[in-house]
Amino acid sequence: MTEPTEKLSLDNDLRYRYEYLAEFLNFTNDNIKILNQLSIYIQPMIPVIVDEVYRKLFSFDITKQYFFPDASHSCFGNLFSSTKHSSVSFDGDDIEFRRNMLSKYLNKILTEQEWDDSFLRYLSCVGQVHTHEMGTPTIHVDYMHISALIGFLEHIIIDIILKITNIDCQTKYRAVAAMNKFFWIQNQFLRMHYKEEEKR
């Protein structure tokens, strides 16, 4: 039997969108428990993960430019001048703040046990803060870069999982599957805030 799905609700209702994705991907409470169980292995590695992420972001001018105070998604202007580059430090206060936010995000997705509406709003906000929707006209990271970053982050974490020595292969398989499903769900929550970009 074909299940009815409301397009308008998928686009605007976080709970409805999550439940559809969870059912489609077979993302269950068991997957959430596995994410929680992974925390003891991944949390100690979070500083390393964050460092890898920001080194990757700083290795491309098109992603590094978003950390400039006057960064814009539509006009680079002279953002890539040496003067502008010198004003951004890999260890500066602004970058440290963002690194801390990523650390908190990773901790939260690994320890959250109750995927209630508050948590779904948090996952949605991860996308929203990178767009004009949060009321900051100078911040809008193109979806392509956000999506690529999610893929890179997933790769780092899966690599860590596969290198864990004291869990069996079946547990690793379940852990990788749970992490993969989670990042697909996160990616779809990001896309909710890029409707106009997709029309272009």
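**Close-up views of a helical chain**

**View 1. The surroundings of Y105.** In this predicted model, Y105 touches Y122, L123, V126, L153, F182, F183 and Q186, leaving aside residues up to four places away in sequence. Y105 also belongs to the largest nonpolar core, where Y105, L106 and W115 are the residues with the most contacts inside that core.

View 2. The largest share, nine residues, comes from α9. As a general background to such a view, nonpolar side chains tend to be buried together in soluble globular proteins.

**View 3. The cysteines C125 and C169.** The structure holds zero disulfides. C125 is partly exposed, with a relative accessible area of 27%, whereas C169 is exposed, with a relative accessible area of 67%.

**View 4. The chain as a setting for the close-ups.** The chain has eleven helices and zero strands, and, read along the sequence, its elements follow the pattern α-α-α-α-α-α-α-α-α-α-α. Of the 200 residues in the chain, 43% are buried, while the accessible surface comes to about 11,600 Å², with 55% of that surface belonging to carbon and sulfur atoms. Among the contacts in the chain with a separation of 6 or more, 68% are between residues 24 or more positions apart.

Key. Residues numbered from 1 in each chain as written. Predicted model: local features only at pLDDT ≥ 70, side-chain atom pairs only at ≥ 80, totals over all residues. Heavy atoms only, no water. Core = buried A, V, L, I, M, F, W, Y, C linked by side-chain atoms within 4.5 Å. Buried < 20%, exposed > 50% of the residue type's maximum accessible area, 1.4 Å probe, protein only. Helix = DSSP H or I, 4+ residues; strand = E, 2+ residues; numbered from the N terminus. Contact = heavy atoms within 4.5 Å. Disulfide = S-S within 2.5 Å. Areas by Shrake-Rupley, 256 points an atom, 1.4 Å probe, with all protein chains shown as cover.
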